[in-house]
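Subject: Structure for you to look through

Dear colleague,

Please find below the sequence and the structure that I promised to hand over. Have a look at them before you read my notes, which follow directly after.

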Amino acid sequence: MKTYSGVLQRFGTRMKKRGAILAFDSVNYLTVLIVLVGLGIAGFAALESYRVVTCKMELNEISSALTTYQSLRVDGNSTADDLTKLLGDEAIASTDAIDGVKHGNFLKTTTRWSTSGIIDPWGNAYTAEGGSNGNGGTVKSNGDALTGEISTHFGTGTN
């Protein structure tokens with residue numbers, strides 16, 4: 001005949017085994033969670049480096065367009081005050097061009113570059129300074145809090 005205490009002892013043993021299995025499952029879930037968080041952080045870092053590389057390529061493209069624009073103008077001035085002029089069909093009128101022909105479309109319109117602004121990968125407008133009287137200038141992006149300012153030089157002279 002089994003006693004009541006024997007039943008309690010067996011019940012207690014079963015509970016201890018279940019507790020160990022639950023603890024082991026919790027460790028597995030925690031491990032999976034840590035791996036997923038690590039992948040998320042790595043993905044964010046990759047996205048940020050993609051933005052920096054994209055920004056540098058776009059700065060070089062804008063710099064080349066400003067240098068070409070500046071070399072085709074009679075007065076040697078750039079359009080640093082308004083980069084959206086580089087997107088237009090008639091960025092340089094024939095009367096302002098050194099060869100007497102109108103020039104345009106120095107930059108192509110994209111999803112981020114339109115007549116309303118030339119936007120960097122972080123959503124800020126690219127800015128340009130200098131570039132008057134045949135001198136060079138600087139094109140820059142303010143980036144974000146992590147990257148800071150990224151810039152490049154354009155033109156033939158120094159600013």
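Which residue in strand 4 does T127 stand opposite? T127 stands opposite K140, and I will come back to that part of the sheet below.

First, a word on the source: this is a predicted model, in which local features need pLDDT of at least 70, side-chain atom pairs count only at pLDDT 80 or more, and totals for chains, interfaces and linings use all residues. Residues are numbered from 1 along each chain as its sequence is written, and side-chain values use heavy atoms, with hydrogens and water left out.

The overall picture

The protein has 1 helix and 5 strands, arranged along the sequence as α-β-β-β-β-β (helices are DSSP runs of H or I with at least four residues, strands are runs of E with at least two, and both are numbered from the N terminus). Of its 159 residues, 30% count as buried, where buried means under 20% relative accessible area, exposed means over 50%, and partly exposed lies in between, with a 1.4 Å probe and protein chains only.

Three strands form an open sheet in the order 3-4-5, with antiparallel pairing (two strands pair if DSSP finds at least two bridges between them). Strand 3 (127–130) and strand 5 (150–154) stand at the edges with a single partner strand each, so one side of each is left without a neighbour in the sheet. Strand 3 is joined to strand 4 (residues 137–141) by 4 bridges, and the two run antiparallel.

The salt bridges

There are 2 salt bridges, counted where a side-chain nitrogen of Lys or Arg lies within 4 Å of a carboxyl oxygen of Asp or Glu. In one of them, the side chains of E58 and R112 meet at 2.3 Å, N to O; E58 belongs to helix 1, while R112 lies in the loop between helix 1 and strand 1, 54 residues apart. E58 counts as buried at 11% relative accessibility, whereas R112 is partly exposed at 27%.

E129 forms a salt bridge with K140, their closest N and O atoms being 3.3 Å apart, and this pair links strand 3 to strand 4 across 11 residues. Here E129 is partly exposed, with a relative accessible area of 44%, and K140 counts as buried at 17%.

A residue in the loop

N105 has a positive phi of about 55° although it is not a glycine. N105 sits in the loop between helix 1 (4–72) and strand 1 (113–114), where it is partly exposed at 46% relative accessible area.
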